[in-house]
Amino acid sequence: MKLGCDPSQVDRTGNNALHQACASNRMNTFKLFMSLGIDLEYKNARSHMPIDLVMNKDVVDLIKKCLATKECTICHKHFDFFNKRYICSIQDEIVCKKCCKIDYYYETEESAEKDMRDCRCLNCQKQIEDVEKDLNDAIESKDLARVSEKYAVSKGYKIDEHLKKLARYTEDKLRRQKQIKEHLDSLKVVENHKTILKSVSVLEKMIEDAETNNVILDYDLLKEVEDQNKR
């Protein structure tokens with residue numbers, strides 16, 4: 001699709017991409033091709049509509065819902081030959097092309113390119129964008145409580161996978177730094193040599209554990225730990 005394939009093209013029996021997607025009986029495949037604006041009522045050479053090729057009851061029920069929806073649930077424009085149905089992958093809302101956003105996204109946190117095509121109604125997209133903005137602002141604030149709160153909220157939404165990874169990393173880093181800072185504050189007065197040796201060991205283990213988990217601690221904090229160990 002990214003290379004410009006035309007999903008309305010048909011094979012020798014008149015099946016288009018949506019016919020084939022329905023024949024797969026996979027819900028996610030059907031939803032993917034419903035984001036292409038293909039006519040659900042298009043018939044192949046044997047007069048079969050896409051719904052006639054489905055055996056998955058959940059997909060059948062969703063197609064029936066689509067066919068029963070005669071107008072866009074947002075702008076209420078009637079569906080016809082020119083105004084096709086699109087399905088929101090978040091809430092299964094049936095909308096027109098003007099009332100949805102179709103784009104490519106990262107499929108997983110490790111994805112290097114945005115290869116997952118997704119269709120979202122404008123209402124869901126607005127909610128996701130608001131949640132992502134709040135999470136980005138929290139990450140920039142470097143406030144552990146705020147990051148934890150916004151990250152917890154974001155788990156209920158289909159946010160950007162790379163942002164999700166960054167939020168989890170930032171939460172982990174800030175929590176580790178808070179623990180180290182609290183330990184440093186407890187060392188302002190050290191009463192005996194045994195406690196000193198133990199404290200140095202605890203600090204070194206905290207730093208080592210962060211490095212093992214690929215967490216890059218702030219330079220100022222590392223310098224403070226180094227100074228404390230020397231002391």
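How many helices and strands are there in the protein chain?

**View 1. Elements of the predicted protein chain.** The chain has 8 helices and 4 strands, where helices (H or I, at least four residues) and strands (E, at least two) are DSSP runs numbered from the N terminus. Their order from the N terminus is α-α-α-β-β-β-β-α-α-α-α-α. This is a predicted model, in which local features need pLDDT of at least 70 and side-chain atom pairs count only at pLDDT 80 or more, while totals for chains, interfaces and linings use all residues. Residues are numbered from 1 along each chain as its sequence is written, and side-chain values use heavy atoms, with hydrogens and water left out.

**View 2. Helices α6 and α7.** The axes of α6 (residues 161-185) and α7 (residues 193-212) come within 11 Å and cross at roughly 170°. Axes are lines fitted to C-alpha atoms, for helices over the stretch in contact, and angles run from 0 to 180 degrees between N-to-C directions. The crossing therefore makes α6 roughly antiparallel to α7 (angles over 145 degrees).

**View 3. Residues between α6 and α7.** On α6, the contact (heavy atoms within 4.5 Å) is made by R176, Q179, I180, H183 and L184. On α7, S199, V202, L203, M206, I207, D209 and A210 take part. These residues divide into 7 nonpolar, 3 polar and 2 charged; Ala, Val, Leu, Ile, Met, Phe, Trp, Tyr, Cys and Pro count as nonpolar, Asp, Glu, Lys and Arg as charged, and the others, Gly among them, as polar.

**View 4. Extent of the protein chain.** The C-alpha atoms fill a box of roughly 90 × 35 × 30 Å, taken along the principal axes.

Note on methods:
Angles under 35 degrees count as roughly parallel, over 145 as roughly antiparallel, 65 to 115 as roughly perpendicular and the rest as oblique.
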